[in-house]
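This report describes selected residues, ring pairs and helices. Look at the sequence and the structure before reading on.

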Amino acid sequence: MSGKMQMHKSQDVKKTAKSQTTQGDDRVKLAMMLGASTVAIFVADPLLAAWGGETAEAPLNRSFLVETGVVIACMLLPAAILQLSKKQETGAKKSAAVSPGACKSVAQTKVQTSRKPSPPITREISQAVVDTIRRGDHVRAQRLLQEAKASGQPLDVVPFNAVLHGHVKNGSMSEAVSFFKDMKKVGVQPNTVSYNILMDSAVKADNAEAAEKLMNAMIEEGVAANEVSFATVIHARAKRGELDLAEQWLQKMLQLGVEPNIVSYNSLIYACGRKGDTAGAEKWITEAEGRGLEPRVTTYTALVDACAKAGDVKRAEKWMQKMQDAKVEPNVVSFSAMIDACARIGDAGRAQHWHQRMLDQGVQPNAHSFSAVINACAKSGDLDAAYKQFDSMEQRGVVADVVVYSGLIDACAKAGQLDQAKDVFERMTAKGIMPNVVVYASLARPFAHKGDWQEVERLAEQMDSAGLKTNEYFLYAQLLGYANAKPRQAERAEAVFWKAMSQGIEANKFVATALGRAVGRGKSLQILQDLSKSRN
């Protein structure tokens with residue numbers, strides 16, 4: 001630092017010396033010009049007199065004396081200017097000899113005078129809070145904010161948003177809401193980002209009502225809602241399949257002059273897909289394209305999925321082709337949705353075709369894509385094809401999950417291969433993959449069809465020991481096992497039914513049918529009436 005100061009000082013001295021030298025040269029030039037003017041006047045005077053009719057030898061008179069005095073004054077003037085110049089240079093040198101400390105003091109005074117007021121929470125503190133949150137140190141981040149509050153400086157919203165996001169990321173929704181309220185108390189006005197953070201958290205918790213409440217408060221307080229804000233609440237309703245409410249938010253978005261993005265339309269297409277409404281899904285992509293929005297891979301995938309849920313394989317294939325025509329590369333999710341469409345109608349051959357086409361295009365398969373094709377093979381009863389796909393999955397290093405094993409067990413069950421089904425179940429548990437209630441239901445169903453209620457009860461006990469609660473699918477298998485038993489196990493069936501009802505299981509039409517077969521139609525009607533009274 002001292003070296004830099006010496007360098008700057010040396011440069012300043014050089015600049016001063018150069019300036020003084022320039023000023024001295026200018027004065028010399030001026031003196032020479034005045035001298036030259038004097039000589040010119042002295043020479044020109046006799047000539048002018050001659051031209052005016054006078055002679056140079058004319059006797060001296062008063063006019064001549066005056067002229068001579070002017071000439072003498074002009075000759076003395078340059079000397080006087082040179083003398084004055086020397087005195088000024090001497091004074092400049094003396095002033096340059098002032099102590100460096102004094103110069104430094106003057107410079108500091110100028111800097112202090114021109115210094116601007118401090119910005120809201122210095123950038124250093126703001127960035128420190130953001131970095132601390134990224135490291136997961138929320139305690140230090142809070143302490144930094146407290147220091148900023150105590151400094152008396154105006155508070156900026158950026159570090160507060162970072163802490164708010166940290167609470168949400170940790171799943172501390174209640175703390176996030178409390179912190180959000182505290183922001184206002186300390187004079188920090190939440191902005192669009194603040195509200196978007198909380199709304200997104202509410203949507204992930206499947207709390208559409210909370211997200212809408214925040215959105216309405218945002219609009220009422222004059223905080224500008226952007227396309228992300230509206231896309232969030234649209235998605236909140238769409239993921240529940242509440243298309244009408246999702247569409248209302250789109251209309252409000254347009255009324256407020258906010259242009260929707262493709263994400264909002266993807267949510268609407270997804271909502272249609274949940275209902276199998278392919279016509280509605282196609283309507284929304286048409287409107288999106290009419291607004292100049294380019295469909296993404298997620299857009300086309302949502303359309304394929306809508307067709308899959310409607311069991312319309314040809315329509316799904318049409319959108320897969322349109323995606324590729326639009327130069328949009330389908331991903332593994334796109335192909336999995338297409339394979340699902342084939343699986344829903346039990347077309348194992350078509351499912352395998354699309355799975356192979358995915359591999360040919362260099363798209364890496366995952367557990368879900370293999371699960372979809374294995375499920376298609378299971379529904380068609382093609383156990384050999386299901387095992388072939390399972391072996392291919394292991395060869396490619398794709399780790400099978402519980403869904404894959406469930407599909408393979410289901411394929412074995414549908415083919416009546418109970419020993420193979422139990423073998424797959426044991427292989428799954430040996431690899432540390434915990435079976436879920438769907439797996440237990442898939443494994444129990446073939447035994448139930450044989451009337452082997454003892455094996456079904458053993459699976460029920462094993463499931464209970466694993467901490468899994470029964471559901472309507474497993475209940476159906478149990479009741480079916482009692483119904484097919486020789487002799488029929490009516491008392492066991494009724495006891496299991498009431499136990500399941502006490503756990504909040506829904507008595508759907510499949511459960512009611514199996515109950516009727518197990519206890520008799522008249523008895524089952526009485527049981528269902530008693531159930532209805534107890535729940536009203």
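## Aromatic pairs

How many aromatic pairs does a search of the whole structure find? The search finds 10. Rings of Phe, Tyr and Trp (its six-membered ring) pair if their centres lie within 6.5 Å; planes under 30 degrees apart count as stacked, over 60 as edge-to-face and the rest as tilted. Phenylalanine 335 belongs to helix α16 (residues 332-344) and tryptophan 354 to helix α17, so the pair ties together parts that are 19 residues apart in sequence. Helices (H or I, at least four residues) and strands (E, at least two) are DSSP runs, numbered from the N terminus.

Are these two residues buried or exposed? Phenylalanine 335 is buried, at 0% relative accessible area, and tryptophan 354 is buried at 3%. Buried means under 20% relative accessible area, exposed over 50%, and partly exposed in between (1.4 Å probe, protein chains only).

## Basis of the model

This is a predicted model, in which local features need pLDDT of at least 70 and side-chain atom pairs count only at pLDDT 80 or more, while totals for chains, interfaces and linings use all residues. Residues are numbered from 1 along each chain as its sequence is written, and side-chain values use heavy atoms, with hydrogens and water left out.

## Charges over rings

A charge sits over a ring if NZ of Lys or CZ of Arg is within 6 Å of the ring centre and within 35 degrees of the ring normal. Lysine 283 lies over the face of tryptophan 284, 4.1 Å from the ring centre. The charged end of lysine 322 is placed over the ring of tryptophan 319, at 4.5 Å from its centre.

## Helices α15 and α17

Two packed helices are described by the angle between their axes and the distance between the axes. For helix α15 (residues 313-325) and α17, the axes come within 14 Å and cross at roughly 15°. That makes α15 roughly parallel to α17; angles under 35 degrees count as roughly parallel, over 145 as roughly antiparallel, 65 to 115 as roughly perpendicular and the rest as oblique. Axes are lines fitted to C-alpha atoms, for helices over the stretch in contact, and angles run from 0 to 180 degrees between N-to-C directions.

Which residues meet between the two helices? Glu317, Met320, Gln321 and Gln324 in α15 meet Arg350, Trp354 and Arg357 in α17. Contact means heavy atoms within 4.5 Å.

## A proline in a loop

Proline 365 is placed in the loop between α17 (348-360) and α18 (367-379). Its relative accessibility is 9%, so proline 365 counts as buried. Beyond its neighbours within four places in sequence, proline 365 is in contact with several residues, among them His355, Met358, Leu359 and Phe370. Proline 365 and serine 336 are 29 residues apart in sequence, with their C-alpha atoms 8.8 Å apart in space.

Serine 267 is in helix α12 (residues 262-274) and is buried, with a relative accessible area of 6%. Not counting residues up to four places away in sequence, serine 267 touches Ile234, His235 and Ala238.

Aspartate 410, in helix α20 (residues 402-414), is buried at 10% relative accessible area. Glutamine 420, in helix α21 (residues 418-430), counts as partly exposed, at 29% relative accessibility.
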